[in-house]
Amino acid sequence: MKLLPLALLFSILPAMVMAAPLKLAFPEHYAPLVWSENGKMKGAAIDLLNIIFRNKLDVETQYNGYPWSRAQINVEKGIADAFVTIPTPERLKYTTCSTEPVFDIDIVIYTYLNHPRRDEILAVSTPRDLLKFILVDYRGNGWLKSRLPDARVVWTDTLEQTYKLLANKRADIIVRDTVNFDYHARDHRYTDRIEKTSVVVDTINIHLCINKTSEYTSILPDFDRVVRELRKEGVIESIVKDYTHPSIALN
């Protein structure tokens, strides 16, 4: 009789060993946080998640890049387990998110140099003030769709295209996190045509969000604990600085 529990244990172990990895869906082009290069995901988010999952929690992961809209659909349908993003009301319908943000980043206004309405742009104090202007952004941006669903927006497929359109005066404003622009401008691209203003319209908190039906929702308490430890140790700040130094000063 004493052998039965042991036999059951050995019958269960292979299933545990063969459990599917945690599948994360990412946008293909959101450098420096994440991007796809030669079929491999790279970036600050990947570096940090590798430390958390592989080094700290011993969780096997699988990273895949898609157009951002498709990545979100894959998580919603359960094709992927999770993504790292802003927990908007729409996303919270089908995911459970970490308590601790992986990154917290300021959202500021960018405009083209010598914009004729620059004084009006610098006077923006709330997101609703942005409705006076034409914005440019990439498809799938949850912040813009949730905060300003009635904004006038020129939509693009990639982040790089948004900077090109703004630099060519095809829109008035980009509302974007500072980390992304600092990365794209690190070799002085766009800084002669785009102004990074001092107008902060929001601070976004980026979380790990896991499909509610995924067995991996159980790791969230441990995930939060490790994120708190890494933030206290300065690891997260150091990873971001590696991709954005030197940063572009606010005007």
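Start with the cysteines: there is one disulfide, a disulfide being a pair of cysteine sulfur atoms within 2.5 Å. This is a predicted model, in which local features need pLDDT of at least 70 and side-chain atom pairs count only at pLDDT 80 or more, while totals for chains, interfaces and linings use all residues. Residues are numbered from 1 along each chain as its sequence is written, and side-chain values use heavy atoms, with hydrogens and water left out.

Select cysteine 97 and cysteine 209. Their sulfur atoms lie 2.1 Å apart. Cysteine 97 sits in strand S7 (residues 95-97) and cysteine 209 in strand S12 (residues 194-211), so the pair links distant parts of the chain, 112 residues apart. Strands are DSSP runs of E, at least two residues, and helices are runs of H or I, at least four, numbered from the N terminus. The S-S torsion is about 105°, so the disulfide is right-handed. Cysteine 97 counts as buried at 17% relative accessibility, and cysteine 209 is buried at 0%; buried means under 20% relative accessible area, with a 1.4 Å probe and protein chains only.

Next, select helix H3, residues 68-77. Its buried residues are Trp68, Ala71, Gln72, Asn74 and Val75. Seen down the axis of H3, they fall within an arc of 155°, so they line one face of the helix; the arc is taken from the directions from the helix axis to the C-beta atoms. Just after H3, glycine 78 has a positive phi of about 85°.

Technical notes:
Buried means under 20% relative accessible area, exposed over 50%, partly exposed in between (1.4 Å probe, protein chains only).
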